[in-house]
Amino acid sequence: MSPLTEQRAADRLAAMDAQDILVLAPAGCGKTQALAQRAARLINDHAVIAPRKILALTFSNKARDNLASRLTEILPSAARTRVTVTNFHGLAGRLVRAHGAVIGIDPVQPFPERGSHRRLRAAAGLGYRTAAAERALTLAKTRLQDDDEVMAQLAASGEDLAVTYERILREAQQIDYDDLLRYGARLLTDPRVARLYREHFAVVLVDEVQDLSLLQLGMVQAIGAGRTTYAGDPAQGIYGFAGARPSAVFDAIRAADPTEVRLDVSYRSSPPVLQAVNQLAAELGTTPLHCANPDNWGDDCKVDLRAFEDTAAEAEALVAAVRQDLADDAHCTVGVMTRSFRRMTDIARALDLAGLDYQDWYQPTVVPQIAELLHRNLPEALAAGSDRVEQLAALERLCRSQLPPDDAPTLDELSIACEALRDRLTTSPLQQTLAAFRPHTTSDAPVSPGLHLLTGHAGKGQEFDVGYVIGLEEGSIPDFRSTQGEALAEELRVLHVMASRARRRLVFTRVENRWRTPRWYAAEQPSRWWHLLERSV
Ligand SMILES: Nc1ncnc2c1ncn2[C@@H]1O[C@H](COP(=O)(O)OP(=O)(O)OP(=O)(O)O)[C@@H](O)[C@H]1O
């Protein structure tokens, strides 16, 4: 089928009947927007009998919030709250709670909790340099296998740490996020369960399909085959390490002969930013982007590359630059992005010393609903326990009992908040720790005005007026563990994702030297992609 390539493709997409549609577009060309517009159009034209008949699926919590916020802008409020917007873990949680018994899974078993997983992983010896074991776990758990088959595959892999982790996990009677997805996907292979969901949802919308595993795609197809709109960009596939299979996923979608819609102008970024993004796109072998409204951007739009003596000098300059950004426009959104959070340490410290407020996307955040729940239950929890650990356990128990058991995303937010409280309990009592928590902005607004610190992976689908991409040194970008083959190609895509978050201005930094340990100060090589970017300035 020939792709629709004209400018108004997005409008045509919104109006199409229920059918499989594949929207392909580079960063910032309006894929998420197009999905939200399609949902609005289906509701307004009564093409679906009720908003709840639309299932909008995304990859991460932030991607879910992003799509929810677009729906908020477009849909009348009554309809917006009834469109089912969830991520794959949310969908799997719902399936397990409702139908787990069908495949012999305990539907009331505890949902995955980040905090306890971190401890179980550490107990098994999984950590920073155990990529092969992680890979074995991902491979075993992103297939339609039961628990015995997973264990057998792990044993056959020869990765002892993976086997140990799995054993410890099961002894603790826990499941992890990959298990939850696997259970959800297995449930949808049951014709009775699949039929229920197919009848419940008339249309499925999926964002960021390049990050899907084949298991996740199978879930989508079980529910929405023949009436799914997929949106994605192969050049932004950065979750290969977590089981995503972009080319296999796109092949499988195309096998169903969807109508292809291509969007090729950027509504997000200024011409100078696009020039830098296009340098990376050329290296990736993808088509260059054009700016939708090149004359609408002011003279302050530009790209800078800056090299510093060391990370302290870099942090000092960054603090000054961000201060200026926020002084120029108090409503501006500033994203400081790194490949890994370790590279952000000096910057976070300098911001703290300078008293500059920021949202650290690495730190668990407390969404308003969870903050309210915790505060409401605090007096009872304080009375229930004799020390802070017991009090926190009581608090978590009380809050959990007041949330719907199948609301996996909110239960997850609660786990994140409780884990953050647990981390800080050694330094202050529970009530003081909770009082010091900065509430997150509403979950409908993933990026609020001000400064944000995040990794490229967390930045997926988001945008900032000003973007700083920090750490263009070999070893940081690309990461020292990913220097060849597909892993290296994925590193370039991560850089491309970070650069393409910026709207008006974009700054890349690198340092000449870095403290590798408290005593080892060593020279750094510029990232292999630094010179490429220099050409765009
Ligand atoms: N047709 C349009 N007219 C004006 N602005 C638009 C249009 N489509 C999208 N936008 C704006 O452009 C920006 C990028 O859109 P969107 O996030 O939907 O792109 P995307 O293709 O999903 O990006 P990414 O691949 O990075 O997730 C947003 O600020 C959005 O509001």
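At what angle do helix α10 (residues 177-187) and helix α12 (residues 214-224) pack? In this predicted model, local features need pLDDT of at least 70 and side-chain atom pairs count only at pLDDT 80 or more, whereas totals for chains, interfaces and linings use all residues. Residues are numbered from 1 along each chain as its sequence is written, and side-chain values use heavy atoms, with hydrogens and water left out.

The two helices, α10 and α12, pack at about 40°, and their axes are 9 Å apart. Axes are lines fitted to C-alpha atoms, for helices over the stretch in contact, and angles run from 0 to 180 degrees between N-to-C directions. Helices are DSSP runs (H or I, at least four residues) numbered from the N terminus. The crossing of α10 and α12 is left-handed, that is, the near helix is turned anticlockwise from the far one by less than a right angle. Contact (heavy atoms within 4.5 Å) joins Leu-181, Arg-182, Gly-184 and Ala-185 of α10 to Leu-215, Gln-216 and Met-219 of α12.

Helix α11 (residues 191-200) holds the buried residues Val-193, Ala-194 and Tyr-197, where buried means under 20% relative accessible area and exposed over 50% (1.4 Å probe, protein chains only). These residues lie on the same side of α11 because they cover an arc of only 95° around the axis, the arc being that of the directions from the helix axis to the C-beta atoms. The cover over the buried residues of α11 includes α5 (88-99), α10 and α12. Exposed Pro-191, Arg-192 and Glu-199 are carried on the face of α11 turned away from its buried side.
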